[in-house]
Amino acid sequence: MRTELITVRTGGSPAVVDITREAASFVQSEKDGLLHVFVPHATAGLAIIETGAGSDDDLLTAIDDLLPTEDKWVHRHGSRGHGRDHVLPAWIPPYATLPVISGQIALGTWQSICLVDPNGDNPIRQVRFSFVNG
C-alpha cells in the first residue's frame, strides 16, 4: 500500500472543498486498484458530489437544515452549535473508496471528491490518500 497525507485549507467558515485534482495526481502513476481517501478528523467528512453548479452550497444548506447550529447539542465546546459538527460524520462519512483504472479514478461525469467541513473552528485539515494495487 502507498499512502500520503495532504493538508487542505478550508477557511474559517463551513466549506466544501474539491480535492479531486489532488487525488487524481496521487494515483496517476498507478495501474488498477483502489484509492481510499480518509479524513482523520471528528468533525469533517467526504462526499462524492457535483461541484460548481451550486451543489456544494446546497449541501451546506442541507447540513444546516438537518443539523442546525443551535445550543441544543450536549457537546458544547467550540463555537455555537459545534456539537452538530461532531454528529456530521454519521451522515457524511470521513472516508471513501474508489476504483482506479489505468491510473485514473473511475468517477462519473459530474462527480468530484469533496472534503466537507462544517467546522469553522479548524481551518486546516488533513486528508490521507492510500492506494492498494488490484
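Strands S3 and S5 pair in the antiparallel sense, with six bridges between them; two strands count as paired if DSSP finds at least two bridges between them. Strands here are DSSP runs (E, at least two residues) and helices are DSSP runs too (H or I, at least four residues), both numbered from the N terminus. In this pairing, Leu34 sits opposite Pro99 in S5. The model is a predicted one, in which local features need pLDDT of at least 70 and side-chain atom pairs count only at pLDDT 80 or more, while totals for chains, interfaces and linings use all residues. Residues are numbered from 1 along each chain as its sequence is written, and side-chain values use heavy atoms, with hydrogens and water left out.

On to the rest of the sheet. S3 (residues 33-38) is also joined to S8 (residues 124-133), again by six bridges and again antiparallel. Here Val37 faces Phe129 in S8, and His36 has Ser130 as its bridge partner. Put together, the open sheet has five strands in the order S1-S8-S3-S5-S6, with antiparallel pairing. Its edges are S1 (2-9) and S6 (104-105), each of which pairs on one side only. Helix H1 (residues 20-27) packs on this sheet, touching S1, S3, S5 (95-101), S6 and S8, and its direction makes about 35 degrees with that of S8. Those angles run from 0 to 180 degrees between N-to-C directions, with axes fitted to C-alpha atoms, for helices over the stretch in contact.

What about the nonpolar cores? A nonpolar core is a set of buried Ala, Val, Leu, Ile, Met, Phe, Trp, Tyr and Cys residues joined through side-chain atoms within 4.5 Å, where buried means under 20% relative accessible area (1.4 Å probe, protein chains only). The largest one has 19 residues, and Ile19, Val27, Leu35, Val37, Ile105, Val127 and Phe129 touch the most other members. S1, H1, S3, S5, S7 (112-117) and S8 each give two or more residues to this core. Leaving aside neighbours within four places in sequence, Val27 is in contact (heavy atoms within 4.5 Å) with Arg2, Leu35, Val100, Gly103, Ile105 and Phe131. A second, separate core has twelve residues, including Ala47, Leu67, Trp73 and Val116.

Arg2 turns up again over the face of Phe26, at 4.0 Å from the ring centre.

Key: Buried < 20%, exposed > 50% of the residue type's maximum accessible area, 1.4 Å probe, protein only. Lys NZ or Arg CZ within 6 Å of the ring centre and 35° of its normal.
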